[in-house]
Amino acid sequence: MMNKKVIVIGAGIGGLSAAIRLQNAGYQVEIYEQGNQPGGKMHQLKADGYTFDVGPTLVMMPSVYREVFELAGRNPDDYIPMIKLDPMYEVYFKGDPMRHYRISSDLVDLMKMIEAKGSKNSSGFLNYLKSIYERYQVALKYFITRPFRCPSDIYNPFMLYQAMKLKTFSSAEKMMASFIPDEDIQRLFSFQTLYIGVSPQKGPSLYNIIPMIELLYGTWFIKGGMHTMAEQMAKLFQELGGTIRYRTRVEKIRTAGGKVIGITAAGQAIDAPYVICNADFPYAMRYLIDDNAVRGKYRSEKIDRMDYSCSCLLFYWGVGGKFPKLATHTFLISEDLDDNLKSIFDGRKLGDPSIYLHVPSQSDPAMAPEGKSSFYVLIPVSELGTAAYEWNEETIDEYREKAYAAISRIPGLEDVRNLVEVERIFTPENFEAEFSAYRGATFGLQPTLRQSNHWRPQSKCMQCEGLYFTGSSTHPGAGVPIVIEGGRICAEELRRDEKTDGFA
Ligand SMILES: Cc1cc2nc3c(=O)[nH]c(=O)nc-3n(C[C@H](O)[C@H](O)[C@H](O)COP(=O)(O)OP(=O)(O)OC[C@H]3O[C@@H](n4cnc5c(N)ncnc54)[C@H](O)[C@@H]3O)c2cc1C
């Protein structure tokens, strides 16, 4: 096969996934990354012997992670050693007293917990699992793993029948309430839409596949934290002969006569017949592409009218102590979850935020100095376009206080504020500045019904030959395994065109 050049803008997970596949297939792939490390939001911070993942932390669908290495004939265990977590996580509802649930990865233990709430809840839970599993099979086969190039890819009797089977019209929250009477149990298995930045009140019920995926395939931990996946993907890509240029910002995607001709980076024009853009889709449409014919329907006005996922405020704390009873993942859910969710998506400051505490040193002690722990404290907050407040010191201080107040209610962590010896912070503004996440929306375009599947930006740019997109704002959406799949779809779309061009 001819050794064709492919430029990838961004070493995020979508870009790396596409790049590995194309380099492995014989293309000559060059990645241009503005930052100084691979992974994009799967970034890593180090401070005074503590190691923190900046963004993703929960490993789901481990087979998708492993497949990246297997496709190149490698043993994934040599690159990303993983352990299965049990419990998967613990959940506290912040009432008085707090209500505590341990979400075991063992269905036997889990049933014990749910049966204690009465058989209507346990049989409702099993019915939910059956119903969502069937829908998941359809989604996986016909929607998540394939592209939608043209209207006939979806508007045909067979696909419309499959779409009906997804029953996406109700919200995640309503679907759970239809199966399970107990409110805590409903919430234990619907808050997970927040993992992809959409409220369970608004997110299509299909996203209740997320807790199902956790329950049936487990949650996992990669040695060294999530960033190991990014590092090892970059390593594999380079072993295959690919090149990564860090600290090199792409300023423009160059096009002419309906074809891509290359990029401009650091003031220099670099030519290539193929460009894959892993920079956030709405940001790329606004700032990397000048030609309205190439933007197609994604002009600035449309980009600003679209719905964006929520963002996150993060505190990374180096904590001088060990907490043997603490799980690797703990969720503290607001007692008034409805108001909490509404505030996030209406742009108001949060009175009683929900908080996610991740302590990677519980699974890998090497991520903190001996006898100490690294804490990752995440608060879902409004994206910058919706927020009616500023990210100044006062806002950060307010949220830090709320985080301390909530976390110190966890047994064993009463004294946490006095043990914090290192702090780093990421606000929505940092996500925008560091990774060009449009409006600081950490999960990209919100996966509402109108922005999912064939309605979501697709990998192949139909208005410009040789230009492709990948990443969380494109189909199939956000979350590491889903973005890895998006990278696969992107690479396959490019190869499909190459084959019809007659080069392959
Ligand atoms: C706080 C947080 C927690 C999360 N938790 C989880 C989790 O537990 N589990 C999970 O599965 N997912 C989680 N996610 C989601 C997951 O991290 C993302 O969906 C995924 O990493 C996005 O990958 P991407 O390739 O779309 O984009 P990105 O990671 O944004 O990568 C894009 C890359 O492009 C680069 N770039 C942009 N513009 C340019 C330019 N002009 N020139 C050069 N380079 C450029 C950026 O620097 C960046 O490296 C989380 C995300 C966040 C932020």
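Predicted model: local features only at pLDDT ≥ 70, side-chain atom pairs only at ≥ 80, totals over all residues.
I begin with the ligand. An N or O atom in the side chain of E33 is 2.6 Å from one of the ligand's oxygen atoms, so this pair falls within the 3.5 Å limit for a polar contact. The backbone also takes part. V250 places a backbone N or O atom 2.9 Å from a nitrogen atom of the ligand, and G479 has a backbone N or O atom 3.0 Å from a ligand oxygen. Taken on its own, the ligand has 1,000 Å² of accessible area, and the protein covers 96% of that.

Which residues come nearest to the ligand? They are E33, K41, L58, S472 and V480, out of 39 residues around the ligand. Sorted by class, this shell holds 20 nonpolar residues, 15 polar residues and four charged residues. Several elements supply at least two shell residues each: helices α1 (13–24), α11 (281–288), α17 (428–435) and α18 (480–501), together with strands β14 (311–319) and β17 (373–381).

I close with the surface. L107, Y133, L216 and Y217 make a nonpolar patch of about 310 Å². Consider L216, which is found in helix α9, residues 209–217.

Thank you for your attention.

Note on methods: Residues numbered from 1 in each chain as written. Heavy atoms only, no water. Near = heavy atom within 4 Å. Polar contact = N/O pair within 3.5 Å; in protein donor to acceptor, adjacent residues only side chain to side chain. Areas by Shrake-Rupley, 256 points an atom, 1.4 Å probe, with all protein chains shown as cover. Helix = DSSP H or I, 4+ residues; strand = E, 2+ residues; numbered from the N terminus. Nonpolar A, V, L, I, M, F, W, Y, C, P; charged D, E, K, R; others polar. Patch = residues over 30% accessible without salt bridge, like charges linked within 9 Å, V, L, I, M, F, W, Y side chains within 5 Å. Salt bridge = Lys/Arg side-chain N within 4 Å of Asp/Glu carboxyl O.
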